[in-house]
Amino acid sequence: MYKPATKEAWKGRVDKHDGELGLRWHQAVKLLDLSGEVPEVEPENVAFAFIGFCCDEGVRRNQGRVGAVAGPAALRSAMASFAHHLPEQTSLYDAGDVLCTNGNLEEAQEQLGKKIALLLEKGYRPLVLGGGHETAYGHFLGLEKYTSKEQLGILNLDAHFDLRSYAQQSSSGTPFLQIADRLQDQGRLFKYKVLGLQEYGNTQLLFKTADEMEVAYTFANHVQLHLLPQLLQDVQAFLEEVDSVYITVDLDVFAAAYAPGVSAVNATGLQPEVVLELLKYVASSGKLVSIDIVELNPALDIDSRTAKLGAAILYQVVREWQKV
Ligand SMILES: N=CN[C@@H](CCC(=O)O)C(=O)O
Ligand SMILES: [Mn+2]
Ligand SMILES: [Mn+2]
């Protein structure tokens with residue numbers, strides 16, 4: 001089910017005497033209804049489109065703590081009062097939400113894929129607001145046609161591989177195995193890199209699966225600001241092997257102090273600064289096609305800390321990506 005956006009979701013501080021220079025995101029965001037005619041983005045313009053995936057059915061199936069269904073609303077609310085610093089040719093659109101109803105995850109993922117494919121086709125840059133990590137499979141369904149002639153790379157900032165078997169059922173723990181199998185059916189390579197992995201968060205079976213699939217990964221204790229030059233070299237090597245990149249940020253990659261509002265809290269996770277540097281690097285590479293922020297559970301958040309971190313990531317990515 002698809003629900004077009006309304007301005008209700010975009011409310012924030014208004015500096016009414018400051019004119020154009022006092023503008024904030026909630027005043028700049030325009031609505032884009034994907035159930036009607038979608039205008040194409042003019043080549044001289046840059047248009048970002050937020051699309052929400054209101055779903056935690058994957059988290060429920062994966063024995064996690066549900067609540068990510070409310071992630072998109074919390075991310076919008078955390079972004080609403082951001083000061084607006086974008087050039088005139090750059091626009092922000094809210095393209096609404098895809099809802100998962102009656103536990104029908106597969107149908108919701110198909111629907112998300114169709115909306116993302118439409119956005120890409122019309123020249124928009126998607127910013128997907130999750131949802132549990134099951135968002136990634138729906139997201140990929142939208143990307144696969146658009147990138148069919150290219151080598152796609154997937155960069156996952158996550159404490160987990162999310163390469164579990166989906167033989168019984170798909171969930172928030174299975175999206176990247178689902179994607180790998182789909183690519184294999186199409187005779188395409190699966191180029192997948194995980195940054196911020198925790199050994200204790202992934203079983204031996206998951207490491208075996210990852211190794212058999214030649215998945216590249218870096219443990220969390222190596223993803224630190226003082227190791228940035230080496231990390232950027234690794235990311236650059238990954239970028240050179242692909243034509244386009246899809247970034248997926250699972251907020252449970254961050255340390256609990258920064259991201260308490262996730263299903264699987266991470267005591268020894270990453271600090272935000274290093275992740276922001278890595279994301280800015282990829283966003284300015286010219287290869288980024290799409291990004292999602294997943295696993296935000298507002299019911300478990302403290303003072304919107306996790307939502308604000310997710311929102312700040314999107315802010316920085318938009319700022320860098322808009323330049324290329
Ligand atoms: N989305 C993925 N979640 C993790 C959950 C780990 C946990 O429950 O601790 C996984 O499946 O591996
Ligand atoms: Mn994940
Ligand atoms: Mn995770």
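A residue is buried if 20 or more other C-beta atoms lie within 10 Å of its own, exposed if 12 or fewer, and partly exposed in between, with C-beta atoms placed from the backbone. The model is predicted: local features need pLDDT of at least 70, side-chain atom pairs count only at pLDDT 80 or more, and totals for chains, interfaces and linings use all residues. Residues are numbered from 1 along each chain as its sequence is written, while chains are lettered from A and ligands numbered from 1 in the order in which they are written.

**View 1. Glutamate 214, a non-glycine residue with positive phi.** Phi is about 55° here. Glutamate 214 sits in the loop between α7 (204-212) and β8 (216-219). Helices (H or I, at least four residues) and strands (E, at least two) are DSSP runs, numbered from the N terminus. Glutamate 214 has 10 C-beta neighbours inside 10 Å, so it counts as exposed.

**View 2. Aspartate 162, a buried residue with positive phi.** Its phi is near 55°, and the residue is not a glycine. The loop between β6 (152-157) and α6 (175-185) holds aspartate 162. Aspartate 162 counts as buried because 29 C-beta neighbours lie inside 10 Å.

**View 3. The cis peptide bond between glycine 130 and glycine 131.** Omega is about 20°. Glycine 131 belongs to the loop between β5 and α5.

**View 4. Glutamate 40 in the loop between β2 (30-31) and β3.** Glutamate 40 is exposed, as 11 other C-beta atoms lie within 10 Å. Beyond its neighbours within four places in sequence, glutamate 40 is in contact with Lys122 and Gly123. Two residues are in contact if their C-beta atoms, placed from the backbone, lie within 7 Å. Tryptophan 25 is 15 residues away along the chain, and its C-alpha atom is 22 Å from that of glutamate 40.

**View 5. Helix α4 (residues 105-121) against helix α5 (residues 135-146).** The axes come within 7 Å and cross at roughly 40°. Axes are lines fitted to C-alpha atoms, for helices over the stretch in contact, and angles run from 0 to 180 degrees between N-to-C directions. α4 and α5 are therefore oblique to each other. Angles under 35 degrees count as roughly parallel, over 145 as roughly antiparallel, 65 to 115 as roughly perpendicular and the rest as oblique. Residues of α4 that meet α5 include Ala108, Leu112, Ile116 and Leu120. Among those on the α5 side are Tyr137, Leu141 and Tyr146. By class, the contact of α4 with α5 has nine nonpolar, five polar and four charged residues. Ala, Val, Leu, Ile, Met, Phe, Trp, Tyr, Cys and Pro count as nonpolar, Asp, Glu, Lys and Arg as charged, and the others, Gly among them, as polar.

**View 6. Helix α3 (residues 71-79) packed on helix α10 (residues 305-321).** The angle is about 65°, and the axes are 8 Å apart. α3 and α10 are therefore roughly perpendicular to each other. Ala74, Leu75, Ala78 and Met79 of α3 meet Ala307, Lys308, Gly310, Ala311 and Leu314 of α10. This contact of α3 with α10 has seven nonpolar, one polar and one charged residues.

**View 7. The buried residues of α10.** Among them are Leu309, Ile313, Val317 and Trp321. The buried residues of α10 pack against β3 (46-54), α3, β5 (125-129), β9 (244-250), α9 (272-283) and β10 (288-294).
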